[in-house]
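This report describes one protein chain for a reader who is new to structural analysis. Please look at the sequence and the structure before reading on.

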Amino acid sequence: MAKYVLTDPVIVFAGSTITSSCASVTINLSADDVETTAFGAAGGYRTRIGGLKSGTVDFEMHADFGASGIDSLFFPNLGGTVAVTVKPGGTAATSATNPDYQFDVLVTEYSPVDGAVGDLATTSVSLPITGEVTRATA
């Protein structure tokens with residue numbers, strides 16, 4: 001697998017590209033650990049299977065109060081569900097080496113103002129994914 005530096009992913013939130021306002025994006029996916037251990041199983045070791053899957057997406061963003069800025073996307077969607085797309089390799093064609101991740105998130109938090117005197121105005125959110133995550137490679 002080729003190594004790469006994440007420099008210009010495509011990040012779409014609620015139908016708007018927010019790439020130029022993001023300093024960081026992280027997709028976290030997990031599956032529940034469901035124990036299946038029974039008497040005499042596996043030489044005294046626990047056995048397990050994967051259960052329900054879940055995830056979150058974390059954004060670190062530069063605050064933007066413009067007409068189509070971060071605030072205009074997050075504030076009205078607080079408590080709602082919106083579509084998100086993250087494509088690590090930017091605008092290059094979707095492929096096995098540049099997958100396109102798509103999912104919906106529940107906007108559970110938003111801090112429109114967060115900073116101290118002289119700091120860059122930023123906001124960070126960690127949003128739960130609701131439903132399935134799809135990974136397109138073509």
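## Basis of the report

The model is predicted: local features need pLDDT of at least 70 and side-chain atom pairs count only at pLDDT 80 or more, while totals for chains, interfaces and linings use all residues. Residues are numbered from 1 along each chain as its sequence is written, and side-chain values use heavy atoms, with hydrogens and water left out.

## Lys87

Lys87 lies in strand S5; strands (E, at least two residues) and helices (H or I, at least four) are DSSP runs, numbered from the N terminus. The side chain of Lys87 reaches the backbone oxygen of Ala92 at 2.7 Å. Among the residues in contact with Lys87, leaving out those up to four places away in sequence, are Pro9, Val10, Asn98 and Asp100; contact means heavy atoms within 4.5 Å.

## The sheet

Seven strands form an open antiparallel sheet in the order S2-S1-S5-S6-S7-S4-S3. Strand S2 (16-17) and S3 stand at the edges with a single partner strand each, so one side of each has no neighbour in the sheet. Two strands pair if DSSP finds at least two bridges between them.

S1 and S5 are joined by four bridges, and Val12 stands opposite Thr85 in S5. Strand S7 (residues 122-136) pairs with strand S4 (residues 48-62) over seven bridges, where Val57 faces Leu127. Five bridges join strand S6 (residues 100-106) to S7, with Tyr101 opposite Arg135.

## The nonpolar core

The largest nonpolar core has 21 residues, and Leu127 is one of those that touch the most other members, as are Phe13 and Phe74. Such a core is a set of buried Ala, Val, Leu, Ile, Met, Phe, Trp, Tyr and Cys residues joined through side-chain atoms within 4.5 Å. The elements that give two or more residues to this core include helix H1 (70-74) and strand S3 (22-35). Beyond its neighbours within four places in sequence, Leu127 is in contact with residues including Phe13, Phe59, Phe74 and Val105.

Definitions and conventions: Buried means under 20% relative accessible area, exposed over 50%, partly exposed in between (1.4 Å probe, protein chains only). A polar contact is a pair of N or O atoms within 3.5 Å; within protein, one must be able to donate a hydrogen and the other to accept it, and residues adjacent in sequence count only if both atoms are side-chain atoms.
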